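Please read them with the coordinates open beside you.

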Amino acid sequence: MIAGWLVAGAWLTQVVGAAVGLPSVQDLTRPEHDLAPGGSVTVIVPAKNEERDIGECLRSLMGQDYPVEIIAVNDRSTDGTGAVMRSLAGPGLRCVTIGELPAGWLGKTHAMAVAADGVTSDWVLFTDADIFFRADALRRAVAYAEATGADHLVVGPTTIIRRWDEGAILALFSVFGLFAARPWKVADPKARDAIGIGGFNLLRTAAYRELGGFGAVRMDVVEDLALGRRVKEFGLRQRFAYGVGLVRVHWASGARGLIGVMTKNVFAATNYHVSLILLGCLWLCGFYVAPFVLVWWPRFMWPCLVVIGSMGVGYRLLGRLTGLGWWNFLLAPFAAGVFVFVLLRSTVVTLWDGGVTWRGTFYGLGELRRMASPLVGKRRG
């Protein structure tokens with residue numbers, strides 16, 4: 001009974017915090033953000049075997065209503081990715097081809113580091129080959145970053161949902177922010193909350209250099225999170241914003257596809273600590289599954305109703321900013337079960353294989369652990 005009220009209290013505390021804090025997180029689609037920035041921007045798009053999406057991604061960037069330089073990096077592709085890039089190359093779009101991966105690097109971090117090496121623009125945006133941009137996305141984002149004095153701006157992508165199970169799983173994933181990196185706290189230099197999303201990491205070029213570039217996180221499978229943590233560690237100004245439809249991505253098809261995508265990442269996100277994985281499984285079961293089961297027992301009914309009600313409010317608050325339906329909270333037990341499976345599968349597969357295979361290259365677990373950035377970095381200065 002005590003545990004039930006503790007969980008209820010945790011949910012209620014986080015939802016109240018979200019209700020107070022989320023209004024401060026800007027929606028870049030609002031009229032006040034329809035501004036013209038002054039700084040120049042370079043967009044870096046690494047891709048390996050992305051012939052299905054890379055064309056649409058690059059065309060959406062070439063169609064921006066603000067001038068941008070685009071560097072598309074063909075990272076050892078064996079399909080038609082390079083051909084698609086070359087067919088679109090021209091003024092504003094430069095193609096870089098990487099044929100070999102040096103030791104001690106992940107393919108994606110190496111591709112981005114190579115492309116960023118000669119960048120001279122005021123801003124550099126790192127994105128993915130399956131991200132699609134509305135015509136005014138870069139203009140609004142850069143203008144907001146300049147207006148707030150940001151060194152690093154993350155814009156939360158709008159997920160393209162094609163099946164009910166995708167919506168359920170990704171809605172739960174977005175609610176993680178209530179307990180992990182609270183979006184309204186990333187701008188607070190005193191808070192440890194930090195965020196990085198591979199689909200939209202915009203940095204001042206000078207800040208990128210100060211951080212040591214991607215060379216400093218060269219062996220981080222979740223390099224976007226590692227980059228975000230370094231921004232806070234260095235005392236730089238980090239901002240987060242939403243904008244439904246500005247930046248879009250379809251992660252994967254259905255639960256099976258999402259499981260495949262996340263298997264590589266989730267064990268890496270804990271720096272390969274089995275204890276954190278097991279705690280995560282217990283947390284998911286206690287905070288998302290148990291309340292829907294125990295609510296039918298009179299003894300636990302009231303704390304469970306508080307949890308379920310708080311959960312619904314949390315989904316509602318985030319749904320306004322992400323475009324994900326609030327009703328997905330009813331599917332939270334299913335989504336949490338999927339996440340528990342992913343956590344365990346990612347751990348078992350990585351330990352069984354002795355490492356991770358990413359972009360066609362195998363990386364040993366010992367090297368990944370040795371080179372991983374700390375989950376909580378020391379504040380510099």
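1. Trp-326 has a relative accessible area of 38% and is therefore partly exposed, since that value lies between the 20% and 50% limits. Its ring lies 6.1 Å, centre to centre, from that of Phe-329, with the planes at 25°, so the two rings count as stacked. Phe-329, for its part, is buried, with a relative accessible area of 11%. The model is a predicted one, and this applies to every point that follows.

2. The aromatic pairs of the protein come to 19. Among them, Trp-283 and Tyr-288 are edge-to-face, with 5.4 Å between the centres and 75° between the planes. Which of these two residues is buried, and which is partly exposed? Tyr-288 is buried, at 0% relative accessibility, whereas Trp-283 is partly exposed, with a relative accessible area of 25%. Both belong to a cluster linked by ring pairs, whose members are Trp-11, Phe-173, Phe-176, Trp-251, Trp-283, Phe-287, Tyr-288 and Phe-339.

3. Turning to the overall dimensions, the radius of gyration of the protein is 21 Å, which agrees with the value near 21 Å that a compact globule of 381 residues would have. Taken along the principal axes, the C-alpha atoms fill a box of roughly 70 × 50 × 45 Å. Of the 381 residues, 56% count as buried, and the protein exposes about 16,400 Å², of which carbon and sulfur atoms supply 61%. Among contacts with a separation of 6 or more, 80% are accounted for by residues 24 or more positions apart.

4. The secondary structure comprises 14 helices and 13 strands. Eight of the strands form an open sheet with mixed pairing, in the order β1-β10-β7-β9-β5-β2-β3-β4. At its edges stand β1 (26-27) and β4, each with a single partner strand, so that one side of each is left without a neighbour in the sheet. Within the sheet, strand β7 (residues 152-155) runs parallel to strand β10 (residues 238-242), and four bridges join them; Leu-153 stands opposite Arg-239 in β10.

5. How many residues of strand β3 (residues 69-75) are buried? Six of its seven residues are, so the strand is largely enclosed by the rest of the structure. Strand β2 (residues 41-47) pairs with β3 in the parallel sense over six bridges, and Val-45 stands opposite Ala-72 in β3. With strand β4 (residues 93-98), β3 is again parallel and joined by six bridges, Ile-70 having Leu-93 in β4 as its bridge partner.

6. Ser-60 is found in helix α2, and at 14% relative accessibility it counts as buried. Leaving aside residues up to four places away in sequence, Ser-60 touches Ile-131, Phe-132 and Phe-133. The C-alpha atoms of Ser-60 and Ala-135 are 6.9 Å apart in space, although the two residues are 75 residues apart in sequence.

7. Ala-216 lies in the loop between α7 (205-210) and α8 (223-233). Is this residue buried or partly exposed? With 31% relative accessibility, Ala-216 counts as partly exposed. Not counting residues up to four places away in sequence, Ala-216 touches Leu-211, Arg-230 and Ser-373. From Ala-216 to Leu-284 the separation is 68 residues in sequence and 32 Å in space, C-alpha to C-alpha.

8. In helix α9 (residues 254-263), the buried residues are Gly-254, Ala-255, Leu-258, Ile-259, Met-262 and Thr-263. An α-helix has 3.6 residues a turn, so residues three or four places apart point the same way. The cover over the buried residues of α9 includes α6 (164-175), α10 (266-269) and α13 (332-353).

Technical notes. Residues numbered from 1 in each chain as written. Predicted model: local features only at pLDDT ≥ 70, side-chain atom pairs only at ≥ 80, totals over all residues. Heavy atoms only, no water. Helix = DSSP H or I, 4+ residues; strand = E, 2+ residues; numbered from the N terminus. Buried < 20%, exposed > 50% of the residue type's maximum accessible area, 1.4 Å probe, protein only. Contact = heavy atoms within 4.5 Å. Pairing = 2+ DSSP bridges. Rg over C-alpha atoms; globule rule 2.2 N^0.38 Å. Areas by Shrake-Rupley, 256 points an atom, 1.4 Å probe, with all protein chains shown as cover. Phe/Tyr/Trp six-rings, centres within 6.5 Å; stacked < 30°, edge-to-face > 60°.
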